[in-house]
Amino acid sequence: SDVEPKQHDLVTHRGFKLIHGTHDPNDVDQIYNLEIRDTDVFVVTYPKSGTIWMQQILLLFEVKGDVTAVSELNNQCNADFIPWIEVKGSRQAFITAPSPRLRVTHLQYQFMPAALSQRKGKVIYVARNPKDVLVSYFHFHKLANMLETPKDFDDFFEKFMRGEVFGSSWFEHIKTWYSHKDDMNMLFITYEEMIQDLQSAVERISLFLGKELTGEQLANVVRHSTFNNMKKIPQANYEQVSGDLLNHRQGTFMRKGTIGDWKNHFTVAQNERFDKVFHREMEDFALTFIWDI
Ligand code: A3P
């Protein structure tokens, strides 16, 4: 019998998992051919790695740290000003948008504009230790209506390990991007570095983007992008995102913002299995993560 696809159904397109109600595979295929301007910036993340945090920082750069000026740039939510390029309708808007075009994406490298590999535009890759990503993604699946509510943590753990989630495998995602990082203008930064020293992280990002901000303006960017302060800013914390997308009764987007919450969720056996997979998948990549503090 014909079963109507659901909003949250996953669609496998060229080996990559998209969300039926959110993404159009044909549209996603067109991203590759987009013309890129030198002023374009793409924030690339696997889901739950600090996307909205980087959105907030880039937005604050645009207003030189003056948070009261943010409302002039966007109305409801930071994502209105810095949207996901892969979401339906977003590609068309990108083509005609004025500079600077700031975008975020969860896509793997092979879908992205080929021009990025000719050193056009800039890419900021934010990586987070994948155990915390898994835990954050588990909780987000309960909150987000476009993602299927997991049966329980163990069930979600298996799905994540098999890459049966939007964004597919965490390992594949980081490997596709990291192996091309020297072909493009890329800043590679981790969530944990940002947690441990936000001031230095903001300075690195500022330098990479060629922003000329005074010390005071930079301090304001830092101040308004801490976890506690973002939690108080409705545009930044996604509180105003429609109830059709987020079930706000199930929790908050700004959930915990810490390193090492996986220890409160993983069993010893799950942790051992994860370590083995991590070691096997990442052995050719000189990448280290901070797993706890
Ligand atoms: P937790 O669920 O572990 O709390 P994304 O934006 O990619 O979906 O990532 C969301 C994760 O980033 C959530 O993690 C959220 O709390 C965290 N986050 C967002 N802003 C943050 C900030 N300013 N400081 C620390 N963590 C932040």
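## Exercises on strand pairing, helix packing and the ligand shell

In strand E6, methionine 186 is the bridge partner of valine 123, and the exercises below start from this pair in what is a predicted model.

**Exercise 1.** Determine how many bridges join strand E5 to E6, and whether the two strands run parallel or antiparallel.

*Solution.* Begin with E5, which spans residues 122-127 and is joined to E6 by five bridges, the two strands running parallel. Then place this pair in its sheet, an open one of four strands with parallel pairing, whose order is E4-E3-E5-E6. The edges of the sheet are strand E4 (102-105) and strand E6 (186-190), each of which pairs on one side only. Ignoring direction, neighbouring strands of this sheet are turned against each other by 20° on average.

**Exercise 2.** Classify the crossing of helices H6 and H7 by angle and by handedness, and explain the classification by angle.

*Solution.* The axes of helix H6 (residues 130-143) and helix H7 (residues 153-162) come within 10 Å and cross at roughly 120°. Because angles of 65 to 115 degrees count as roughly perpendicular and only those over 145 as roughly antiparallel, H6 is oblique to H7. As for handedness, H6 passes H7 in a right-handed crossing. On the H6 side, Leu134, Tyr137, Phe138 and His141 meet Phe153, Phe156, Phe157 and Phe160 in H7. Sorted by class, this contact has seven nonpolar residues, one polar residue and no charged ones.

**Exercise 3.** Describe the surroundings of the ligand, stating which helices each supply at least two residues of the shell.

*Solution.* The ligand is surrounded by 21 residues, of which the closest are Thr51, Ser136, Phe227, Arg255 and Gly257. Turning to the helices, helix H2 (51-62), H6 and helix H12 (227-232) each supply at least two residues of this shell. By class, the residues of the shell divide into seven nonpolar, nine polar and five charged.

Note on methods. Residues numbered from 1 in each chain as written. Predicted model: local features only at pLDDT ≥ 70, side-chain atom pairs only at ≥ 80, totals over all residues. Axes fitted to C-alpha atoms, helices over the stretch in contact; angles between N-to-C directions. Parallel < 35°, antiparallel > 145°, perpendicular 65-115°, else oblique. Left-handed = near helix turned anticlockwise from the far one by under 90°. Contact = placed C-beta atoms within 7 Å. Nonpolar A, V, L, I, M, F, W, Y, C, P; charged D, E, K, R; others polar. Near = placed C-beta within 6 Å. Pairing = 2+ DSSP bridges.
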